[in-house]
Amino acid sequence: MDNFAWTASAAQLQGPGFALFQRELARFNHRRLEPGLPSAHWKHELESEGRVLAAERNFVQSVRERIAPLARDIPTDVDAFIVWFERLRESGPGQGDPLFPWLERAASLEQMRWFVEQEVAGEAGFDDLLALTQVKMPEQAKLEMARNYWDEMGRGRSKGMHGPMLARLAQHLDVHPTPESVVPEALALGNMMVALARHRAYAFHSIGALGVIEMTAPTRAGYVDRGLRRLGLPAKKRHYFGLHAVLDVRHSECWNREVLRPLVREDARRAHAIGEGALLRLWHGAQCFGRYRAKFGGVPLLHSKAA
């Protein structure tokens with residue numbers, strides 16, 4: 001679709017237009033984030049890039065409007081903001097979803113394969129998002145983000161890199177996500193994370209989105225890890241989820257103390273952007289969880305709460 005007519009559907013959050021936009025934006029993001037070489041068609045590419053950038057902003061703005069009631073009371077006082085942010089672990093969109101106890105205890109191998117396929121598509125590369133977001137950030141926040149990035153990169157060991165861990169699990173399960181095989185809600189989650197990291201106007205939104213991932217992921221990762229273990233996957237293949245069930249707890253504590261707190265203390269206006277970014281990420285996650293449950297024909301309550 002070289003005419004980029006799909007960009008006209010940027011503000012749609014459901015229906016065929018939503019699915020079309022998220023699918024084509026995912027394809028475009030894959031191309032534009034790949035390292036490349038100069039092209040003789042650079043003027044045309046620049047025009048295309050400008051059209052997609054405008055559509056991305058339209059997409060982000062439409063979701064910001066959708067979640068505006070949730071962001072209305074974000075405090076700007078540092079201590080109050082940290083309390084508000086940390087409460088998202090229990091009260092934010094998608095928290096306590098019954099999908100995850102069900103994955104742990106009842107999902108079949110085929111259902112778990114489908115779930116992992118969606119997760120791979122929506123993950124968007126935490127290390128790359130972090131690298132994009134940290135540009136020109138203040139020193140204290142930048143240092144903590146660098147420490148986090150170093151962990152994501154396996155502290156210099158290829159076998160310890162987090163992204164390839166997930167890729168190895170996907171390979172073991174023989175899942176190969178494409179824009180056609182992934183639900184648009186999962187594509188939208190990944191597209192939103194890329195948009196926040198790429199557009200510097202949303203840099204502090206990206207800080208909030210990345211931070212809330214670190215804070216809310218451990219319990220969900222634990223459920224998935226135990227589900228994979230129940231289904232017989234060896235520890236080395238499910239290491240991505242097992243690691244994040246533990247490591248992200250420390251990452252979150254450090255992020256909230258070394259990134260969020262000094263950024264808001266320096267400029268209280270950042271609190272709303274950071275908080276809104278966290279809500280954007282959680283809202284998209286909640287949309288995914290609902291779509292996944294629908295795919296599985298509804299998920300019964302198993303008398304256990306996911307975080």
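P93 lies in the loop between α3 and α4 of this predicted model, where helices are DSSP runs of H or I of at least four residues, numbered from the N terminus. With a relative accessible area of 17%, P93 is buried, a class that covers values under 20%, whereas exposed denotes values over 50% and partly exposed those in between, as calculated with a 1.4 Å probe on protein chains only. Leaving aside neighbours within four places in sequence, P93 is in contact with L70, L279, L282, W283 and A286, contact being defined as heavy atoms within 4.5 Å. The C-alpha atoms of P93 and L233, which are 140 residues apart along the chain, are separated by 30 Å. Residues are numbered from 1 along each chain as its sequence is written. Because the model is predicted, local features need pLDDT of at least 70 and side-chain atom pairs count only at pLDDT 80 or more, while totals for chains, interfaces and linings use all residues; side-chain values use heavy atoms, with hydrogens and water left out.

D97 is likewise placed in the loop between α3 (78-91) and α4, and is buried at a relative accessible area of 7%. The side chain of D97 reaches the backbone nitrogen of L99 at 2.9 Å, and a polar contact of 2.9 Å joins the side chains of D97 and R293. A polar contact is here a pair of N or O atoms within 3.5 Å, of which, within protein, one must be able to donate a hydrogen and the other to accept it, residues adjacent in sequence counting only if both atoms are side-chain atoms.

The largest nonpolar core comprises 90 residues, of which F81, F85, L99, L103 and F115 touch the most other members. The largest share of this core, 11 residues, is supplied by helix α10 (residues 203-230). Such a core is a set of buried Ala, Val, Leu, Ile, Met, Phe, Trp, Tyr and Cys residues joined through side-chain atoms within 4.5 Å. When residues up to four places away in sequence are not counted, F85 touches G208, G211, V212, M215, N256, L260, I274 and A278.

Salt bridges, in which a side-chain nitrogen of Lys or Arg lies within 4 Å of a carboxyl oxygen of Asp or Glu, number 19 in the model. One of them joins the side chains of E104 and R226 at 2.8 Å, N to O; because E104 lies in helix α4 (residues 99-105) and R226 in helix α10, this pair ties together parts that are 122 residues apart in sequence. E104 counts as buried at 16% relative accessibility, whereas R226, at 32%, counts as partly exposed. A further salt bridge links R27 and E24 at 2.7 Å, N to O, and these residues, 3 apart in helix α1 (residues 15-33), are separated by about one helical turn. R155 forms a salt bridge with D151, the closest N and O atoms being 2.8 Å apart, and D151 is buried at 8% relative accessibility. R32, E49, E56 and R198 are linked in a network of salt bridges.

Helix α5 (residues 109-123) and helix α8 (residues 162-173) pack at an angle of about 145 degrees with their axes 10 Å apart, the axes being lines fitted to C-alpha atoms over the stretch in contact, and angles running from 0 to 180 degrees between N-to-C directions. The contact is made by L109, R113, V116, V120 and E123 of α5 and by L166, L169, A170 and L173 of α8.

Conventions
Helix = DSSP H or I, 4+ residues; strand = E, 2+ residues; numbered from the N terminus.
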